[in-house]
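Here are my notes for your first read of this model. Keep the 3D view open and check each point as you go.

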Amino acid sequence: MNSPAVTPAPLQLALGEEELLVERAIRAALDSARLADPSADLTRVRVAELTSPELAELVSPSLFAEGRVIVVEAAHEATQDIAAVIISYVKNPADGIVFVVVHNGGGRKAGKDIVAAMRKAGAVVTECAKITKPAEREAFVRNEIRRAGGKTDPAAVAALVDSVGSDLRELAAASAQLVADTAGAVTEEAVRRYHRGRADVTGFAVAEKAVTGDVPGALEALRWAMHLGVPHVLVADALADAVRTVARVAGAGRADPFRLAGELGMPAWKVKKALAQSRGWKPTGLVEAMRVVAEVNADVKGIAADADYALERAVLRLAKAHRRE
C-alpha cells in the first residue's frame with residue numbers, strides 16, 4: 001500500500017532554462033515517486049515529438065497500477081492542439097502518475113497556456129531560471145554548501161567562484177567536495193588549498209589582469225588557461241563581468257564601498273576590488289571596453305574561426321582601451 005505521507009504531487013512544473021536545476025527538479029520528482037512506489041518508471045518526451053494519441057496512451061491507467069513519472073520537455077514549443085490535450089489532462093490528472101512539464105518561461109502562447117493551466121491546477125512549481133549574474137552564482141554556491149551540510153562565508157564563496165568559474169555543475173561538485181573534505185567548514189583558506197593552481201588559470205585571473213592594463217600577466221594567464229582547457233566562453237564571460245563591474249563602480253563615483261555595495265547590489269569586497277581596478281579608466285575607454293567584451297563573447301560562440309586568437313586580441317584591445325584619454 002502507498003502511504004499518503006509519501007504520495008508525490010501529481011502535477012509538477014520546472015520553469016526556466018538552467019539545465020542543472022531542471023535536471024534536479026526531474027530527479028526530485030522521480031525520487032518522490034519512488035518513495036511511494038520503488039518500481040516507478042520514468043518516461044521523457046519532447047513536446048514537439050508528442051502526438052495527442054501518444055499522450056493519451058502515456059497517461060492512461062496502467063493494468064498493474066504501477067507508478068509512473070511522465071516528463072514533457074520543452075513545453076514552450078507546444079502547438080495549440082497538443083497544448084489543449086495537456087491542459088485537458090492537468091484538469092483531471094490520473095492516479096499513480098507524476099506529470100512533469102518542463103518550460104523555459106518563454107515561447108509560444110500555447111506553451112504559456114500550459115504553464116497557466118498547471119499553476120491553476122495547483123502544480124508544484126520549481127523555478128529554474130538561468131543563473132547569469134555574479135550575485136546569483138554566489139547565492140547558488142552558498143545554497144549548495146548549506147545543502148551539503150556545510151557552512152561558509154562571503155570570502156570563501158568569492159574564492160570558490162574565482163577558482164571554479166561560472167559552470168553550475170562544476171560549482172555544485174566543488175561545493176559538495178569541499179564540505180566533505182573540510183568537515184563542513186568551508187573557509188577561504190580551504191578553498192585556496194583545495195583549488196591551488198587552478199585559481200591562477202581561470203577566466204577571472206585573466207580578467208583581473210586585463211582590466212588593470214597588465215598585458216603580459218593577462219596573456220600569460222590566458223595561455224595557461226587555454227593550455228589547461230578552460231572553456232573559451234568562461235574566459236569571455238569573466239572579461240565581460242570584470243568590465244561591467246568596473247564600469248558600474250566607476251560610474252557611481254568615489255563613495256564609501258559599503259554604501260556603494262548597497263546601492264549597486266554587489267558584495268562590498270567586490271566593490272573595493274572594482275574601485276582599485278577602475279583607476280586609470282576614462283569614460284571613453286570603458287565604452288570601448290564594453291564593445292570589446294560584447295564582440296569577443298560572440299566570437300567565442302562561433303563567429304571567430306580561432307577562439308584562442310579572439311581572446312588574445314580582446315585582451316590587447318582592452319589594454320588599449322585602458323590607455324584611452
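1. **The start of H6.** Asp153 caps the N-terminal end of helix H6. One of its side-chain oxygens lies 3.2 Å from the backbone nitrogen of Ala155. That is a polar contact (a pair of N or O atoms within 3.5 Å; within protein, one must be able to donate a hydrogen and the other to accept it, and residues adjacent in sequence count only if both atoms are side-chain atoms). Helices (H or I, at least four residues) and strands (E, at least two) are DSSP runs, numbered from the N terminus.

2. **Ground rules.** This is a predicted model: local features need pLDDT of at least 70, side-chain atom pairs count only at pLDDT 80 or more, and totals for chains, interfaces and linings use all residues. Residues are numbered from 1 along each chain as its sequence is written, and side-chain values use heavy atoms, with hydrogens and water left out.

3. Is H6 buried or exposed? Nine of the 11 residues in H6 (residues 154-164) are buried, so the helix is largely enclosed by the rest of the structure. Buried means under 20% relative accessible area, exposed over 50%, and partly exposed in between (1.4 Å probe, protein chains only). The buried residues are Ala156, Val157, Ala158, Ala159, Leu160, Val161, Asp162, Ser163 and Val164. Their cover includes helices H5 (134-147), H7 (168-181), H8 (188-194), H9 (203-211) and H13 (268-277). Just after H6 comes Gly165, with a positive phi of about 105°.

4. **Two alanines to check.** Most residues other than glycine have a negative phi, and most peptide bonds are trans. Look at Ala74, where phi is positive, near 55°. Ala74 sits in the loop between E3 and helix H3 (80-91). It is buried, at 6% relative accessible area. Now look at Ala183, which has a positive phi of about 60°. Ala183 is in the loop between H7 and H8. It counts as exposed, at 75% relative accessibility.

5. **The salt bridges of Arg44.** The structure holds 13 salt bridges. A salt bridge is a side-chain nitrogen of Lys or Arg within 4 Å of a carboxyl oxygen of Asp or Glu. Which side chain meets Glu23 in one of them? It is Arg44, at 2.9 Å from N to O. Glu23 lies in helix H1 (residues 19-36) and Arg44 in strand E2 (residues 41-46), so the pair ties together parts 21 residues apart in sequence. Arg44 also forms a salt bridge with Glu73, with the closest N and O atoms 2.5 Å apart. Glu73 lies in strand E3 (residues 68-73), so this pair ties together parts 29 residues apart in sequence.

6. **The setting of Arg44.** Arg44 is partly exposed, with a relative accessible area of 36%. Glu23 is partly exposed too, at 31%. Contact means heavy atoms within 4.5 Å. Leaving aside neighbours within four places in sequence, Arg44 is in contact with Glu23, Ile26, Val71 and Glu73. Lys109 is 65 residues from Arg44 along the chain, and their C-alpha atoms are separated by 23 Å.

7. **The H14 and H15 pair.** Two packed helices are described by the angle between their axes and the distance between the axes. Axes are lines fitted to C-alpha atoms, for helices over the stretch in contact, and angles run from 0 to 180 degrees between N-to-C directions. The axes of H14 (residues 283-303) and H15 (residues 307-322) come within 9 Å and cross at roughly 175°. H14 and H15 are therefore roughly antiparallel, the term for angles over 145 degrees. Among the residues that meet are Val292, Val293 and Val296 in H14, and Leu311, Ala314 and Leu318 in H15.

8. Glu288 and Arg317 meet through their side chains in a salt bridge (3.3 Å, N to O). Glu288 lies in H14 and Arg317 in H15, so the pair ties together parts 29 residues apart in sequence. Both residues are buried. Salt bridges that share partners join Glu288, Arg291, Glu295 and Arg317 into one network.

Methods. Angles under 35 degrees count as roughly parallel, over 145 as roughly antiparallel, 65 to 115 as roughly perpendicular and the rest as oblique.
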